[in-house]
Amino acid sequence: MPDTIPTAAPKPASRDPGTARFDVVVVGAGFGGMYMLHCLRKLGFSARVYEAGGGVGGTWYWNRYPGARCDVESMQYSYSFDDALDQEWSWSEKYSPQPEILDYANHVADRYELRQDIQFDTRVTATTFDEATQRWSVETDQGDRVSAQFCVMAVGCLSAANRPDFAGIGDFQGQIYHTGEWPHEGVDLSGKRVAIIGTGSSAIQAIPIIAEQAKSLTVFQRSPSYTVPARNAKLDPEVEAAVKADYPEFRAKARMRPTGVYFLFNAESALDATPEEREQQYEESWVRGGLPFLGAYGDLLFEKEANDTIAEFARRKIRKTVKDPATATLLSPDNVFGCKRLCVDTGYYETYNQPHVRLVDVSKAPIEQIIRTGLVVNGEEHEVDVIICATGFAAMTGSFEKIKITGRDGLTLTKKWEAGPRTYLGLSTNGFPNFFMITGPGSPSVLASMIQSIEQHADWMVDCFAHMRDIGAKTIEPVLQDENDWVDHVNEVAKISLRSTCSSWYVGANIPGRPRVFMPYIGGFPIYVDRCNKVMDKGFEGFVIDGGEVRNAPPKIRNTERWHVPLKMDIISPAAIAAKRVPIV
Ligand code: FAD
Ligand code: NAP
């Protein structure tokens, strides 16, 4: 690994003239867009990537708030497509910090010479399907207007920052930041009176670090989150060596897990254990820490009674750690454990024992107003110098909504999705030929290790595009009935999980006015991959090619070879699913 990795594009793509034509336009240069570009070039497609940010990395380019790091172990939260890349890169910590993940993204961009096909600082504003030419016309805020046969959205599930429109927000005399759009030059919070709004994963990572810097820190909490200690540490060289000794096998094992992540699990029922056994199991899992805590038993996300046992264990931990009983009570969620995305922290609860840290409940009385000097809640003024919005994202569909995407007959995607997103396999949507999404709604996306989800989608797409080229086809589009059946299936499996029962961003409930639909596919990563393979092997079953199904011959397998393995579900046997014993993170 080089000591210093350039973060600026040494050779950015030059601006595109109006006549430019590509096989594929990709929107976004996070891990999704980067890998898509690499795959396209490998198979000889011409491609242009547009990226609103000034560099690669997506999430890790934008989210530079103090404490930002991954919560899937770095040795798994990384690309798996090239063993040479796996071997040459070394992570410093079990869960690496944002700057290192961004270094990794830049290293990948350099290693595979990706930048030459990426336009940075360029936001795609509109994409329109032209029925006459059967191509997409793509427009950007920098004046580009290009055409492409395929349009791939790699815009990210968590990339459209949610900035609530608090009354009086323009009156505040200090600085207001959002964790997902953190200034690149950093923010000096030393000696400042800081307010942070929100207590989700971002806030929970940031709060302990900000408390170290700030003169005072006031946390405005609408709903408490469950969080588990990360137990982060320097990466153990022995662990690294053991994984690297057979990285492909390790990756393959991870892909057989419901989440695409390999971790210790116990498929037994919590309800079959005695209270003493449960206590011991939870304690051991808590000591190991991180998201795998939820794998302590197999039925935790299916049986409310089982979930109550882990929820109560977590609340006891809060009461034991937080000295002020009123604060401990406020920090204790009373809903389903792991229903909202579980958080992972380092010293979060301990932070509230510091005298300069205060928790303000805004669940019943919301933030009334922002004034010149601070925030008003329930008539009380909280004077601060800086406000940090850790208020999350318009998840899953937010970045789609910002682009005017127009398919057949002038139908816009926003209109089509007004009652909730509808896709076939989370890959594409009827009415929008040759339009594809990486980790789109209806795919496992955020419920799996996302880089695995990304690679599987991009590999599937390039094999599809290559097949189209092989047979000289112009368009591919899902059949409405197959799309409807898939949407029904996504909704049906969501119902068996307790995750569908609470108001989380998984169901769009964090943004006022959004339809309530469980957006990711919760049926498990291997089952989903198997379904994608079968669709492909049956000549893109459920799609029409050039308006008819007659040409749906089985494709040549190129990039999807590594996904085309028999469905060997490891812990998720059909019996386990039937018995609802599927640990899901
Ligand atoms: P993104 O990284 O979001 O990239 C999308 C890119 O598209 C962005 O750069 C954006 O600028 C660009 N874009 C969007 N719209 C346009 C437009 N109109 N024109 C041009 N460009 C556009 N996942 C895990 O599996 N494990 C983790 O530990 C983990 N930690 C996370 C921590 C944080 C703070 C956040 C916010 C998310 C985390 N995630 C994690 C999820 C993370 O988003 C994914 O793992 C992954 O990085 C997504 O990559 P992506 O390329 O699909 O999307
Ligand atoms: P989030 O989980 O959606 O949390 C946003 C927080 O802001 C919530 O506490 C929310 O309260 C609060 N909020 C929103 N609007 C508010 C308002 N008007 N008034 C008061 N409070 C308000 O967002 P996030 O923390 O950025 O995390 C999003 C996702 O990104 C995570 O779930 C995870 O998938 C990923 N992520 C991962 C990591 C990691 O550890 N690797 C770190 C950060 C993010 P309510 O709960 O009441 O809505």
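Which helices each supply at least two residues of the shell around ligand 1? In this predicted model, they are α1 (31-42), α2 (59-62) and α14. Helix α2 gives the most, with 3 residues. The shell holds 31 residues, and Gly32, Glu51, Thr59, Asp71 and Tyr77 come nearest to the ligand. By class, 18 shell residues are nonpolar, 10 are polar and 3 are charged.

Several polar atoms approach ligand 1. A polar side-chain atom of Glu51 lies 2.7 Å from a ligand oxygen. The side chain of Tyr77 places an N or O atom 2.6 Å from an oxygen atom of ligand 1. Ala52 uses its backbone instead: an N or O atom there is 3.0 Å from a nitrogen atom of the ligand. On its own, ligand 1 has 980 Å² of accessible area, and the protein covers 95% of that area.

Helix α14 spans residues 450-471 and includes Ile471. Ile471 counts as partly exposed because its relative accessibility is 25%.

The lining comprises 24 residues, of which Glu73, Lys94, Phe263, Leu264 and Pro292 are closest to the pocket centre. Two or more lining residues come from each of α6 (237-245) and α8 (275-288). Helix α8 gives the most, with 3 residues. The lining of this pocket has 13 nonpolar, 6 polar and 5 charged residues.

Methods: Residues numbered from 1 in each chain as written. Chains lettered and ligands numbered in written order. Predicted model: local features only at pLDDT ≥ 70, side-chain atom pairs only at ≥ 80, totals over all residues. Heavy atoms only, no water. Helix = DSSP H or I, 4+ residues; strand = E, 2+ residues; numbered from the N terminus. Buried < 20%, exposed > 50% of the residue type's maximum accessible area, 1.4 Å probe, protein only. 1 Å grid on protein atoms, 1.4 Å probe; cavity = no way out; pocket = protein on both sides within 12 Å on 5 of 7 lines; lining within 4 Å. Nonpolar A, V, L, I, M, F, W, Y, C, P; charged D, E, K, R; others polar. Near = heavy atom within 4 Å. Polar contact = N/O pair within 3.5 Å; in protein donor to acceptor, adjacent residues only side chain to side chain. Areas by Shrake-Rupley, 256 points an atom, 1.4 Å probe, with all protein chains shown as cover.
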